[in-house]
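User: Hi! Could you help me look through the aromatic and nonpolar parts of this one?
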Amino acid sequence: MALQPEAQPLVTSQAAVSATKSKGRWAGPDSAIGRQQERLGWMLVVPSVLIVLLVAVYPLIRTFYLSFTNERLGSVRPTRWVGWDNYTRLFDDSLFRHSMINTIEFTVISVAIETVLGMVVALVIHSEFKGRGMVRTAILVPWAVPTVVSALLWQWMFNDFFGVINSILIRLHLMSASHPKSWTADPSTALGAVVAVDVWKTIPFMALLLLAGLQVIPSDVYEAARVDGASKWYQFWTITLPLVRPALLVALIFRTLDAFRIFDLIYVMMKYSPATMSIAVYTQQQIGNQRIGFGSAPAVIIFLCVGFLAFIYTRLIKVEEV
Amino acid sequence: MAATEASPTQRIVTSRDELNQIASRYRKKSKHSFGSVTRKMLFWLLIAIIVIYSLFPFYWAIVSSLTPDSLLYKTPVKFWPQAFTWDHYSQVLRDGGFLRALLNSTIVSTVTVLLALFFGTVGAYALGRLHFRGRTIILYLILSMTMFPAVAIIGSLFIFVRQLHLYNTLIALIITYLSFSLPFTVWVLTNFFKAMPDELEQAAMVDGATPLRALWQILLPMAVPGLVTTGLLAFIAAWSEFLYALTFTIPGGNNTTVQVAIANFSGRTQFEQPFALKMAAAVVVTIPLLVGVLLVQRRIVSGLTAGAIKG
C-alpha cells in the first residue's frame, strides 16, 4: 500500500479548489513583484515537481507503454510491441478473472461492514460520557498497527489448534474441539478472514472521519427534533445521516480506492493462494517473476478502476459544494 | 430548577413548542426508570465491546510473546498470562537478520521523511503562499498523485531500479517511497501554509525581508507542529510499507525492511511455526508507531477532523 489510507483524510478535493483561489494580494504577472514571485515560486516548486514526475508520473506513463510489450527482465529475447496481446491473454486467464471477482467481493463487503460499524463507533464516541478521551485513544490502536503486523496478529488468533478465536467458539459450544476450523486454509472462509482483519484495522479511520462529520452538526437541530417528539432512530435517519453525508462520502471513496488495491493483508495471510488472490497480488506475482510487460496489463486495469472511482468522487464533491 | 423557572405563575406559556419543552424537562427528571437504566447499561456494554475489540489483538500479541512455549501450545487457551518469560524478546533481539532489518527500516523511513519534508516544505510554501502561473495544474498533479495506487507503477519502477543497478539497495527504497510520501507532504503542508494569516510575512516583507527569509524566520517556526504531525504520518506510511520492499529487495537478504522480515519470519525448521517469536517481533515493530501516535494523537484527530469537514 503506497499511501496509508489513514494518511489521506487530510486530503480533500474542496481544499484543492480553495487552495487555487487567489487571495487577492497578487500584483499581477507583469508587475515587478509579480515577476519576482513567479520566478521564486517556480524555483521552489521545481524540485518537488521533478521528483514526482520522475518517480510517479513517468513510471505511470511507462506502465501503459509496457503493457503493450513483451518486456521481460533477464530475457535474451528482444522486447517488442505486442498490441493488445497481454490484455487478451489476461482476460483468458481464469486466475485473473477470479482475482477480479475476489477484489470486487472484498471491496464491497469490507467497505460495507466498515461503514456501518464505523458509524456505530462514531456515534458512541460522539455522545458524552466519562472516559470518552480514553476510548478514542483505544480505537486509534488498530490504526497505528502496520498492516503486515495486523495480518500476523490475526493469523495467530485464527490458528486452528492454538488460536484464541476457535478456543472461544469451542468454549461457547459453537464448534467441536475435535474438529477445529482452519479459517485461512479453508477456501470458503479465507476471504472472510481477510475481511475480518481489514475491518478491524480500518474501523478507526471510518469512525474518526464520520466523527468529524458528526461534530459539525449543530446541536439545536436535535433539540428541535426532540421537542417535536422524534425518536432517536428517526432522528438518525432524518437528521444525522443527511447531514453527515459529505464526510460519509469522503470516507467511502477513500476506503473503496484503498480496498480495491489491497495487497499487504492478502499476501501476508494467504501468499499467492487463488482463493483470496486480488488483482494487486496477481500483478505483483507477475512482476516478481520478471514478466514486466504482461504484469503491467493488470496494473493498468487497477489504475483505470481506481482513477474512475476517484473521478466519480471529485464529481460528487463538486455537486455537494453547489 | 427547571420546574420553577417554567412555572406558569411566573410566566405565561405562549406556544405549543414551549409547552413541549417544559414537558420534556419533566420527562428528563425521571432518570432512574427501568428503561433508562437498561439503556445506560447497554450503552456501556457497547463501549466495552468497542474497547475490547480494538485492544484485544494487540493485547493478545503481547501476552503470547511473553508466554513460554510450553504453555503457548496448550489448549484450552488461557486469556490471562499464566507464566512469564522474556525469552522470545531476547531471541528476537539477538537475531542478526531482524536487527539488520530494523536498522534498514529506520534508515529508509527517516531519510524518506526528511527528504519529503524538506522538498515538501519548500514546494508547499510556494504553492500555498506565492502566486505563479501553473500553480493550479501542479496542485492538481500533486493531489492526483496522493490517490493513485502504488501497485500500478510497480513494473516500471522495477525496471527503473534494475537499470540504475539499485536492485536490493536501501537507496532504491528511498527513491520509490518518495513517490507516495512527497505528494502527501506537499499536499498537506500546502493546505497548512494556506491557512496561516497573510499578515505574517507581509509584515516581514515590509521590513525588507525577502520571501525566503520570511519563510525561514516567521512561517517555519510556526509550522513546527504541522511539520511534526505530517512527518509522523509520512513516517508511519514508510515504516509500514510492504509492496515495494518485498519487490525491490531480496526478502531473506540483508537489505530488506522489517515488514518484509517479519512477514517471512520462520522457524529453524520448515515445520516449526514460531508464533511467540513472531508476536514478539510484531510488538517490537509496532511499539515505536504506537508511542508516536499516542504522543500526537490530539493533533492527528484534529488533522483528520480538519480534512473531513472541508470535504
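Predicted model: local features only at pLDDT ≥ 70, side-chain atom pairs only at ≥ 80, totals over all residues.

User: How are the rings of Phe158(B) and Tyr167(B) arranged?
Analyst: Their centres are 5.9 Å apart and the planes stand at 75°, so this pair is edge-to-face.

User: How many aromatic pairs are there over all chains?
Analyst: The count is 39. There is also an aromatic cluster made of Tyr65(A), Phe68(A), Trp81(A), Trp84(A) and Tyr87(A).

User: Switching topic: which residues have the most contacts inside the largest nonpolar core?
Analyst: That core has 197 residues, and the ones with the most contacts inside it include Trp143(A), Met269(A), Phe98(B) and Tyr244(B). Helix α8 of chain A, residues 187-215, gives the most to this core, with 17 residues.

User: Where does this core lie relative to the domains of chain B?
Analyst: It lies between domain 1 (2-85) and domain 2 (90-310), because both give residues to it.

User: What does Tyr244(B) touch?
Analyst: Leaving aside residues up to four places away in sequence, its contacts include Ile153(B), Leu157(B), Tyr177(B) and Phe180(B).

User: Last one: which ring does the charged end of Lys271(A) sit over?
Analyst: That would be the ring of Tyr267(A), 5.1 Å from its centre. Likewise, the charged end of Lys181(A) sits over the ring of Trp183(A), 5.8 Å from the centre.

Note on methods. Residues numbered from 1 in each chain as written. Chains lettered and ligands numbered in written order. Heavy atoms only, no water. Core = buried A, V, L, I, M, F, W, Y, C linked by side-chain atoms within 4.5 Å. Buried < 20%, exposed > 50% of the residue type's maximum accessible area, 1.4 Å probe, protein only. Helix = DSSP H or I, 4+ residues; strand = E, 2+ residues; numbered from the N terminus. Domains from an automatic or database assignment. Contact = heavy atoms within 4.5 Å. Phe/Tyr/Trp six-rings, centres within 6.5 Å; stacked < 30°, edge-to-face > 60°. Lys NZ or Arg CZ within 6 Å of the ring centre and 35° of its normal.
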